[in-house]
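Here is a short report on one structure. Look it over, then read on.

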Amino acid sequence: MKRWAAGPARVAIVLLVVFAVVGCGGGGGVLTLDRIGREDAPKTMTLQLNNSYTHQSSTPTWADGFERLFTKFAEDHPDWKLELKIVPDEQSTQAQARLLEQARAGRAPDCANVDSFVVAQFIEQDALQPMDEYFDQEEIDGLFPFVKDVVVGDDGKLYAYWWATDLRLLYRRSDLVPEAPRTWDELIRAAQEAEQKDSKVDGYLFNGGRWEGTVFDNLAHFWSQGGELVDGQGKPIFHEGQNREYMLNTMEFLKEAVDSGASPERVATIKDYSEFESAAQAGTVAMFQGGDFQYPPLEESLPPEEFKKWEVSFIPTMNQGDLQRTGTGGWTMGAFSDDPEKVEMCAEFTKEVYVGEGNQVTGQLPTNPEIFEQEKKFQDPIYDTFREGLKEGEARPGVPVYPEISNQLQIAIGTVLTGEATPEEALDEAADASMAAYEQQSN
Amino acid sequence: MGRRAQRRVGDAMTYLVFFFALLFFGGPLLWLLSLSIRTQQEIFITSLRLIPENPTFENYTEVLYTAQFSVFLLNSLKLALAGSIGALVVSAPAAYAFSRLTFRGNKLFLIGVLGLQMISPLVVVIPLYRYFDRLNLVDSHFSTAMVYIAILVPLATWMLKGFFDGVPPALDEAAMVDGCTRFGAFRRVTLPLILPGLTSTFVLTAILAWGEFVVPYVLLSEPSLLPISIGILNFQGNYASNSTNVLAAGGVLAMLPAIATFVILQRFIVRALTSGAIKG
Amino acid sequence: MASRAGAGTTPTVKRALSPRGMLGENRPTLWLAPLLAVVTLFYLYPAFEVLRYSVTNASLLDPDYEYTLETFTRVLSDPVLYKVIRTTAIFVIASIVLQLLLGLMIAVAVNRASKRRLPGMVFMRSLVLSAWVMPGVVIGIVWAIILNDADYGLANLLLGAVGLGSVQWLATPNTALMSVIIANVWRGTAFSMILQYAGLQSIPEELYEAAEVDGAGALQSFWYITLPQLRPILMINIILITISTLNTFDMILPLTGGGPGQATEVLALRTYNVIFQNFSLAGGAVLAVVMLAIAMALTLIYQRLLRSEGSL
């Protein structure tokens with residue numbers, strides 16, 4: 001194998017390069033470990049980025065892509081050097097809390113990756129600078145509605161540019177489930193039928209373990225009934241009035257999926273999207289609720305004749321004709337600096353590196369339908385489905401209490417799935433804990 | 001049963017223990033190695049085959065290719081060295097005092113120091129974060145190393161006291177009669193005598209520091225400062241791209257330095273441990 | 001007290017530096033000064049700060065805070081806390097017992113092998129140690145792959161190969177806790193093994209020879225010689241692994257994340273969650289105080305046991 005033979009030689013070369021880079025502490029190129037641009041450039045901007053979105057990404061194709069984009073940017077803007085502060089993706093919640101704290105103390109970086117779901121909170125705290133002057137009106141107007149809702153403040157100004165997003169969908173093997181199920185009942189029935197057709201498969205897999213994805217994915221079921229997690233003040237209301245019923249319906253549906261045998265008990269342990277890919281590869285799953293981002297790896301890892309069987313549809317709803325909803329997340333760029341020149345630079349960087357080009361590198365979905373048409377990467381017809389789906393996108397509420405609500409709902413779903421608690425008990429506990437956290441935060 | 005038969009049974013038992021230990025401890029390690037030479041396509045194919053169909057060194061290349069990896073290793077090395085050397089410097093005189101000097105509360109004090117060991121780093125690191133933040137010392141190797149020292153000091157003091165106890169007091173008293181001060185005797189006579197003890201304390205504390213997680217997790221955020229125990233998270237990829245294979249390669253590379261140190265020095269360490277501290 | 005000598009600086013300093021003064025080299029002050037400084041700055045001061053934060057409503061999101069006992073009562077009256085403490089107790093006790101037993105078994109085997117010059121001893125020692133020096137995060141991920149509940153999980157494949165059915169390793173609360181304990185034992189046994197091995201090596205051979213002359217069998221000499229001789233090191237071993245187990249959450253995060261539900265959420269992980277999910281510095285501080293109280297209680301118990309050993 002060519003790959004196999006090339007290994008050792010590449011290791012040797014890379015080692016040399018690594019030691020050269022480390023050895024001379026950065027050197028004088030336009031792109032180093034911690035700088036974009038020449039060291040002697042007159043103007044400086046500090047820039048905080050997620051590890052994934054840099055030339056040091058752990059995904060080689062991303063690293064190569066951003067290296068190219070960063071280099072080009074540096075060459076196009078010789079007057080500037082951008083000093084990089086790279087934060088690990090895994091520390092996202094912590095890093096965002098820290099960023100807000102720094103912004104308050106006036107020590108935030110000039111420009112930074114801001115998680116889409118904390119943007120609202122940052123706007124409310126006056127941490128971000130408006131960027132609309134530096135974007136064309138079409139670039140703002142063209143954004144998907146759920147994107148605009150978040151990044152445009154109450155004053156109508158654009159406070160951050162959301163450039164990458166994703167959505168959740170139902171994947172199914174069409175040989176086992178020919179028709180896309182549209183309701184929860186249809187989903188469970190289809191899962192059971194699939195299990196009868198092939199005794200090896202689990203009918204329906206979903207995230208049910210102790211992690212953010214569990215809440216993020218399953219919120220679609222709650223939202224599609226019209227549920228809301230928090231009110232206008234950011235107070236948890238998912239346990240009150242109609243919302244209570246919606247949330248109980250959601251939990252009962254998940255419980256029913258397990259009790260009916262449509263889903264195996266182990267869904268309570270699934271805390272990683274790649275579980276679904278494993279199961280697909282092992283040929284032991286008929287349907288799963290996953291992300292758009294799983295489509296390319298599925299295509300890559302399954303034999304073509306197997307991959308052909310997989311189809312994608314929207315997430316089933318409780319009743320036919322309910323709203324179609326899907327959870328969307330992703331990353332924005334925001335400016336913290338008071339200096340208009342730096343805000344402009346931040347906007348330029350966003351446009352030239354991330355919007356469009358960055359989507360092309362990462363395969364993460366654009367936030368503007370227009371870009372779906374422009375970029376080569378998104379010409380596959382599957383992206384039409386994704387684009388359609390994004391119209392029904394809903395972002396998680398960007399309030400300080402959300403991480404705790406999520407934590408509590410993860411626990412609730414877990415205890416319901418393992419039968420430790422009834423949906424009512426689990427919801428009451430989650431509500432109490434979330435309210436306590438909210439009250440304490442709003443002191 | 002004859003003596004020889006008994007030996008045979010003993011040997012068989014020994015290997016039986018080895019066999020089960022090999023399964024339990026070796027199995028997951030082998031699996032880690034196996035993962036580290038898999039392609040993305042093969043991570044998910046779980047069958048009992050250890051060597052994948054298309055073994056590759058690509059993952060190791062990826063890890064080394066991200067220039068950060070060597071930075072992480074270097075940071076771990078720096079922090080582990082600073083922490084363990086610092087701990088030795090601080091605890092050697094204290095251990096000497098506990099071993100040689102009679103003063104009120106000697107025992108109580110020693111127990112107090114050991115008791116500190118029971119305070120979790122997680123407990124102290126949170127206020128330290130705020131405190132360092134005010135002093136602008138967050139994201140600094142200096143402040144992090146100081147915390148490492150503090151965490152390692154109780155263990156180091158306890159071990160070194162054992163070693164000092166193993167040196168007959170007559171030796172330093174003789175030196176003092178010859179005109180040395182106590183400090184002089186400590187430095188020129190006693191310390192060199194417990195060199196093996198210093199080394200084993202050093203290695204043990206360095207390995208503990210190498211694996212420290214909570215302290216750097218809270219106090220450091222810049223990748224250029226992270227030790228490998230945290231930096232390894234960067235190789236986990238994100239949910240859009242699973243890279244367990246790359247992470248496995250990183251894990252293998254991350255434990256090599258610590259294992260190498262131990263394998264090279266292990267005879268020495270074990271001898272040193274047996275000669276002093278353990279007798280207590 | 002040196003300062004009470006009072007008559008001018010020079011005599012005071014001289015007196016202080018004299019062998020009988022406070023700073024004299026036969027007094028502990030100077031010898032202990034660096035230790036005291038480090039410990040005060042980085043242990044006692046923050047521990048005090050934790051106490052202080054625990055009676056505030058401090059949050060990571062807000063630099064201002066007020067003093068209140070509310071956080072304290074809220075956290076302590078939360079029934080979840082007691083569930084978490086119970087989980088932690090099971091996790092810690094099971095880990096300690098298993099690590100000590102396994103560590104001792106392997107140490108005895110390795111010790112025997114080294115005395116009899118049997119091959120494989122160094123390899124065995126290094127193998128167990130490898131588990132100990134691996135980053136916790138990697139340990140969690142490897143065990144998550146091994147203990148995957150699906151039929152194609154590694155452990156289940158092995159069970160299938162010998163004709164047994166699949167086990168739900170992580171899906172039920174009890175098995176999940178057991179799985180976390182197994183992974184922790186896998187990681188921590190090396191440390192106990194090294195200490196025990198060093199302890200075994202320091203037992204004088206003559207004791208065994210004398211026992212053999214008296215006609216004692218292998219089991220008897222283990223019971224009457226090895227174990228009593230090892231007791232001091234066992235104590236210190238217990239102290240050290242108690243604290244490291246109490247602190248463990250790096251490995252649990254990738255393995256179960258604390259779930260399903262809260263089945264594997266230990267105190268350290270909860271503290272971490274309260275601070276970084278809930279942003280509640282005060283809430284985290286209260287939990288830290290709880291940890292502190294547990295640690296102090298254990299120290300007292302261990303100290304009792306140590307003292308009865310007469311080893312300190």
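## Confidence in chain A

pLDDT is the predictor's confidence in each residue, from 0 to 100. This matters here, as the model is predicted. Chain A has a mean pLDDT of 88. In that chain, 92% of residues reach 70 or more.

Helix α9 of chain A (residues 241-259) has the highest mean pLDDT, 97. Helix α1 of chain A (residues 2-23) has the lowest, 42. Over residues 1-27 of chain A, pLDDT stays under 50. The model has 33 contacts beyond four places in sequence for this stretch. Where pLDDT is low, predicted coordinates should not be read in detail.

## The build of chain C

What elements make up chain C? There are 13 helices and zero strands. Chain C is more spread out than a compact globule, because its radius of gyration is 25 Å, well over the 20 Å that the globule rule gives for 312 residues. Along its principal axes, the C-alpha trace of chain C spans about 90 × 65 × 30 Å.

Burial comes next. Of the 312 residues in chain C, 51% count as buried. Now take the contacts in chain C with a separation of 6 or more. Residues 24 or more positions apart account for 60% of them.

## Where chains B and C meet

How many residues does each chain bring to the contact between chain B and chain C? Chain B gives 75 residues and chain C gives 78 residues. On the side of chain B that touches chain C, 53 residues are nonpolar, 18 are polar and four are charged.

Notes: Residues are numbered from 1 along each chain as its sequence is written. Chains are lettered from A and ligands numbered from 1 in the order in which they are written. This is a predicted model: local features need pLDDT of at least 70, side-chain atom pairs count only at pLDDT 80 or more; totals for chains, interfaces and linings use all residues. Helices (H or I, at least four residues) and strands (E, at least two) are DSSP runs, numbered from the N terminus. Two residues are in contact if their C-beta atoms, placed from the backbone, lie within 7 Å. The radius of gyration is taken over C-alpha atoms; the globule rule is 2.2 Å times the number of residues to the power 0.38. A residue is buried if 20 or more other C-beta atoms lie within 10 Å of its own, exposed if 12 or fewer, and partly exposed in between; C-beta atoms are placed from the backbone. Ala, Val, Leu, Ile, Met, Phe, Trp, Tyr, Cys and Pro count as nonpolar, Asp, Glu, Lys and Arg as charged, and the others, Gly among them, as polar.
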